[in-house]
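Here are my notes on this one, in the order I'd go through them at the screen. Have the viewer open while you read.

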Amino acid sequence: MKYINYPHTSQYLSDIIEDSDFLDLREYALNNNIPIMNVETKEFIKTILKIKQPKSILEIGAAIGYSSLVFEKYTNANITTIELDSEIADIARNNFKKYNTNINLINDDAQKALNDINQGFDFVFIDANKAHYEYYFKRSAELLNENGIIVADNVLFKGMVTNDDLIDRRMITIVKRLRNYLAYVMDREDFFTTIIPIGDGLTLSYKEK
């Protein structure tokens with residue numbers, strides 16, 4: 001297993017976090033090999049949401065709806081989420097119904113869906129096709145309200161982005177795209193961006209006035 005942090009650090013964090021959010025969905029994701037938000041990442045984002053208190057949230061990459069449900073639980077925001085896979089989108093819809101939410105799910109290609117959206121958002125979470133992160137960020141930046149935040153997950157990609165010796169040859173293209181994404185967001189003068197090495201790596205980008 002590859003880590004982006006010291007293994008003992010990750011284990012310590014895992015041991016002290018008391019996770020009580022949608023444990024049935026986490027178990028389902030684990031049993032069916034469906035990637036969802038890491039617990040450490042989830043706890044960090046909960047804190048950001050508590051501080052920011054966004055009124056509108058956009059998620060790019062719904063999967064089974066776990067992260068959207070976390071957003072809904074810890075904010076009073078209107079939430080829109082995008083998922084390409086029809087079968088996975090149906091699971092997400094059922095989970096939204098199960099927890100009696102009004103989350104808006106768009107079952108479509110993210111690039112097309114983003115071009116059709118014209119409302120503003122206070123918080124955007126990117127967790128979809130990693131090869132397209134730079135496009136997702138550019139379009140999200142256009143939709144972002146003043147003082148808004150964009151968080152992108154899995155940006156260090158099991159440590160491969162940081163160290164050539166760790167790269168699985170099948171993942172070379174994704175690693176290159178993520179490196180380009182990181183260079184791009186760090187270079188944007190209209191955003192203040194930091195890279196956070198928890199979970200599988202995050203970028204948090206704050207839109208300057």
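1. Which residues does V151 touch, leaving out those up to four places away in sequence? The list is I45, F123, V124, F125, I126, L202, T203 and L204, where a contact means heavy atoms within 4.5 Å.

2. Some ground rules before going further. This is a predicted model, where local features need pLDDT of at least 70 and side-chain atom pairs count only at pLDDT 80 or more, while totals for chains, interfaces and linings use all residues. Residues are numbered from 1 along each chain as its sequence is written, and side-chain values use heavy atoms, with hydrogens and water left out. Helices (H or I, at least four residues) and strands (E, at least two) are DSSP runs, numbered from the N terminus.

3. Back to the core. V151 is one of the residues that touch the most other members of the largest nonpolar core, along with I45, F71 and F123; that core has 34 residues. At least two residues each come from helix 2, helix 3, helix 4, helix 5, strand 4, strand 5 and strand 7, and helix 4 gives the most, with five. A separate second core of 31 residues includes A113, Y133, L178 and Y184. For the record, a nonpolar core is a set of buried Ala, Val, Leu, Ile, Met, Phe, Trp, Tyr and Cys residues joined through side-chain atoms within 4.5 Å. Buried means under 20% relative accessible area, exposed over 50%, and partly exposed in between (1.4 Å probe, protein chains only).

4. L25, R26 and A29 are buried; they cover an arc of only 100° around the axis, so they sit on the same side of helix 2. That arc is taken from the directions from the helix axis to the C-beta atoms. The buried residues pack against helix 3 (39-52), helix 4 (66-74) and helix 5 (86-98). E27, L30 and N31 are exposed on the other side. Just after the helix, N33 takes a positive phi of about 55°.

5. On to the annotated site. The unreviewed UniProt entry marks D127, D153 and N154 as "binding site"; such annotations may be inferred rather than shown by experiment, and positions follow the numbering used here, with feature names shortened. The three span 28 residues in sequence, yet no two of their C-alpha atoms are more than 7.4 Å apart, so they gather at one spot. D127 lies in the loop between strand 4 (121-126) and helix 7 (133-143), and counts as buried because its relative accessibility is 18%. D153, in strand 5 (residues 144-153), is buried too, at 3%. Beyond four places in sequence, D127 touches I60, G61, Y133, D153 and N154.

6. Last, the rings. A search of the whole structure finds nine aromatic pairs. F137 and Y184 make an edge-to-face one, 6.1 Å centre to centre with 85° between the planes. Rings of Phe, Tyr and Trp (its six-membered ring) pair if their centres lie within 6.5 Å; planes under 30 degrees apart count as stacked, over 60 as edge-to-face and the rest as tilted. F137 belongs to helix 7 and Y184 to helix 8 (residues 172-187), so the pair ties together parts 47 residues apart in sequence. Ring pairs also link Y133, Y136, F137, Y181, Y184 and F191 into a cluster.
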